[in-house]
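My entries follow in the order in which I made them.

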Amino acid sequence: MTSEPAPPGATHRLHDEAVEQLLASGERRRELVALLGEQAYRELSALARRARETRRGGPVVYVLPGLMGSRIGTRGKWLDDVIWLDPIEVAAGHLARLALPRGARLVALGVMLLNALKLKLSLQVAGFDARFHAYDWRSSVESLARELNARIAAEGSREVLLVGHSMGGVVARVALATDTGRIARVVQLGSPNLGSFAPVLALRAVYPTVRKLAALDLRHSAEDLARIIFRTLPSLHELLPDPRLAGPLDLFDAAAWPNDALRPERPLLADAAAARERWPAADPRCLHIVGVRQETVTGAELHGREFQYTLTHGGDGTVPQALAMLPGAAHWFIAEKHGGLPNNGRAIAAVADLLRTGSTDRLPAATRRSRVTQARTVTEAALRRVAPHKVRWQDLSADARRRLLEPVVSPEFHGSVPPAALRAAAAVTSTRAATGMPPRVLELRLVQGSVADANARALVLGLFRNVDPSGAAAAVDAHIGGAIREHVRRRMFAAGLGQVAALLVARGSLIADSLLLAGLGDFDEFGSDAQSLVASNVVRALAEAGVEDFATVLFGAGSGVPVAAAVEQQLAGFVAGLESADPQRVIRRITLCEIDRRKYEAMRRTAVATAARLSGAGLRIVVDEGEAPAPATRVPDAIAERQAALRSDPAYLVVTMVEQGRATYDCRSSLLTAGPKAAVLAGNVCVSRRELRAQLAKAESGGLGPGDMARFGTAFARLLLPASVRDGLETMQRRPLVVVHDAEGSRIPWETLRIGDVHPALEGGLTRRYASDALTVARWRAQHDNGSKLQVLLVVDPTLDLPGAADEGAALGRMLRAGGAEVELLSGASATRAALLRAIGSGRHDVLHYAGHGFFDPADPGRSGLVCAGQEILRGGDLEQLGHLPTLVFFNACEAARVRKPRRLARSQLFAFRRSTSVAEAFLAGGVANFLGTHWPVGDQAALAFSTCFYRELLDGAPLGDCVLAARRRVLALDSIDWADYVLYGNFDAAVGRPDHD
């Protein structure tokens, strides 16, 4: 077959036949790669060559694209004048010319090749005479069906087959009603036979395609496009969801819509409803491949002046399964997105089977029904945050340009068509057709910018165990309202090595659709093997979920891992994951982001070399550079924000004490410093048990005075920490210090630690975290019913033998009420175990302040707890069945004297010390997020001074760490050592009762 050479000019303006010719010849490769993408170009050019070598004469198949899948404009001899979709026309505001009836002179010019060409060429290779049928998707379905039948009759084929994607499948089905016997079979792909909510979103200006187009249109907003164009199109109105399946709303009734400028016109709605009544019922010639298990809008309800939409996984992302399936018709199912159905290799193979025989065993004819339907709701206000800023076409990456029409038209190619599907027509297929699978192409994209602005399907963030989100994770967290930090604080994500978990985020808060958290384990054990394991598990999880591209940062680079080593280890892990967990070649692109210019250059150099080394016969890694499209935060601003965050990040000291025989401990400590040059400093110290006991005895005996604390704290530091860790701590003096320890480490009064000439507990502040697998998910109420008032449950002297505690409780109650808090008091005999459980279980309280005795069970420390009236014990395990716990439990340990007496035996003081730490561990294991207690009983004056200062700061909205720091300094001013008695387990920057300050 011969043809004239393709003319010069913009490739998106060429006729379809000219583009196919260029693909087969290999001419103008760079332009076509920019238009189609590297992977699509390679696959389409190979198919085009095979199709050109295939003999014609097979059954005629007309391929109809979906809604918005045909180009609209004015026909030219060589080059068309394209309105839909020419970026220059969009930017100039010319999309408004599509409005009807003014734009009726415009015609369908061809198809969006990314969404239909793979299907057409595959059918040609399989021996069919496949032809495109572009149509004006603005028009009514019945008029388009008549045009299709007219073309079939004009071209004279006696028996034809139809394949239609989305709206194209509906047009093909309706054409059966007026067919004169020429249409033998129709195959639909994701067709909205009973409507869809996508037209609702388009008419309300919240459909992603509409929002993205409006961002390019320098003259119109999304609401303008909906009002001027979409409200005039019969097709959108005819594809509204069937009222019998659309929930409480009849969307063909104008009164069911919000009363604003976007409300559809009653005449168009009435015409659409009448047309739908005329559409034919199921026809045995019509076969349907339905996409499933994608998050889809499946319901809408009117809330005030906007719709609120329900999303479930009951559809293909655009068409709900219930609205796709026509009663009485034959259906097959595939887990694929709406826009990806025509490009899915298995779906194409099934189409070929259905066209030949009317059946296929490549896809199931039934789909599993989930026992639990996960649903979420989203408001129009949230959807309007998609693409909120104007952008220029020239500023978009090539991939962002190809994704402009998602989810209607998708550029993703999921798997090659199985060779057997093409070989089945061997009698009409050239023996020169290529065989075998081409090498896998993985695009590695490098971006000097924030990962929060990355243009990818998913973002992947690595988190260390017991370390709050910082750096890139903190930047992303700021976009999603602190959801990552909330998961970490509630212990919902443990960040164990290799652990991965998906985090649901509000649509529009990120360019990405989803967020994956990857556990990096303990920062002192994160090495090359760990990095490769995490990378491999990330690829495995995303491939199984059908996520084809993701963006991330270098794992561990913020903890001192050299950039070059991080790049090599992470890419090797990704490749290993692709080989072992992604045989279907789902993942096609990985984006690595870095803000810092120096680190980015190092990453780029290493990535190019590593990609060349990892490429081979079965894998080719293509390295590309780009920038995050239309970032919500400019790079200089993002750098400034990261530097500000780094200045406030804490340092983390992880201490593990392991018994080495009867005489010694192996004390391993690791310090994660903070700031731009963060690093991990680690070492081991062999500690004599006798020497440790002697040092602890000095504190527990009550013999230490204010003048002894500096010497005592310095001796503790030298006894337990290697010099490298002490030196690192000295550079972190002004930062908060978080000490993470195991059960043995809980006995150490880390608050007394002195580094150089300061105590960290008095300088930047010191808090603790308990490293234990026994901790349950932390539970506290996130919202308040009574404004922002602090809600305090005050439990005082349940055993009626602590007059000092009663005085403290009375003073605290007066102060808290004067400060605007609401206080519920349980004292004396009324503070029973049952009463405490009822009060705590009500979920009303932010703080439980307990001034009374603790109970320590030496046989089972986890059963320790608080002594209630009648000597009943409230244990940490009693809290596990309660839904909402106080954000903070403040345990002010009391003894009858409440004043330290130096001559008392060390043993009794040691008992009180062990009891307090065990109570903390028991309550943390029960689900308490933050626990403030004491090492040993505190004197009355110091206890009252600490409590009143602490609560005064808390009432002003200060975070817990600042409250404790101020209270410690207040006790220090009394010339008392009791500032070191108070221990805070939990989150140093958590705000209690004032979530806006968090």
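Before starting I noted what a nonpolar core is: a set of buried Ala, Val, Leu, Ile, Met, Phe, Trp, Tyr and Cys residues joined through side-chain atoms within 4.5 Å. Buried means under 20% relative accessible area, exposed over 50%, and partly exposed in between, with a 1.4 Å probe and protein chains only.

I also noted that this is a predicted model, in which local features need pLDDT of at least 70 and side-chain atom pairs count only at pLDDT 80 or more, while totals for chains, interfaces and linings use all residues. Residues are numbered from 1 along each chain as its sequence is written, and side-chain values use heavy atoms, with hydrogens and water left out.

**Entry 1: cores.** I looked up the largest nonpolar core and found 80 residues in it. Trp84, Phe230 and Tyr309 have the most contacts inside this core. Its largest share, six residues, comes from helix α7 (residues 167–175); helices (H or I, at least four residues) and strands (E, at least two) are DSSP runs, numbered from the N terminus. Apart from this core lies another, of 69 residues, and Tyr665 is among them.

**Entry 2: Tyr309.** I then asked what Tyr309 touches. Leaving out residues up to four places away in sequence, its contacts (heavy atoms within 4.5 Å) include Val200, Leu201, Arg204 and Val378. Val378 of β12 is also the bridge partner of Tyr309.

**Entry 3: the sheet with β12.** Strands pair if DSSP finds at least two bridges between them. Strand β10 (residues 306–312) pairs with β12 in the antiparallel sense over four bridges. The open sheet has three strands in the order β9-β10-β12, and β9 (296–303) and β12 (376–379) are its edges, each pairing on one side only. From one strand to the next the twist averages 30°.

**Entry 4: β21.** Is strand β21 (residues 664–672) mostly covered or mostly open? I found it mostly covered, with seven of its nine residues buried. Nine antiparallel bridges link β21 with strand β20 (residues 651–660), where Thr656 has Arg668 as its partner. The hairpin of β20 and β21 has three residues between the strands, and Gly661 takes a positive phi near 75° there. β21 is also joined to strand β22 (residues 680–688) by nine bridges, again antiparallel. In that pairing, Tyr665 is partnered by Val687 of β22.

Entry 5: Last, I checked which residues make the contact of α2 with α3. They are Arg29, Leu32, Val33 and Leu36 of α2 and Glu38, Ala40, Tyr41 and Leu44 of α3.

Technical notes: Axes are lines fitted to C-alpha atoms, for helices over the stretch in contact, and angles run from 0 to 180 degrees between N-to-C directions.
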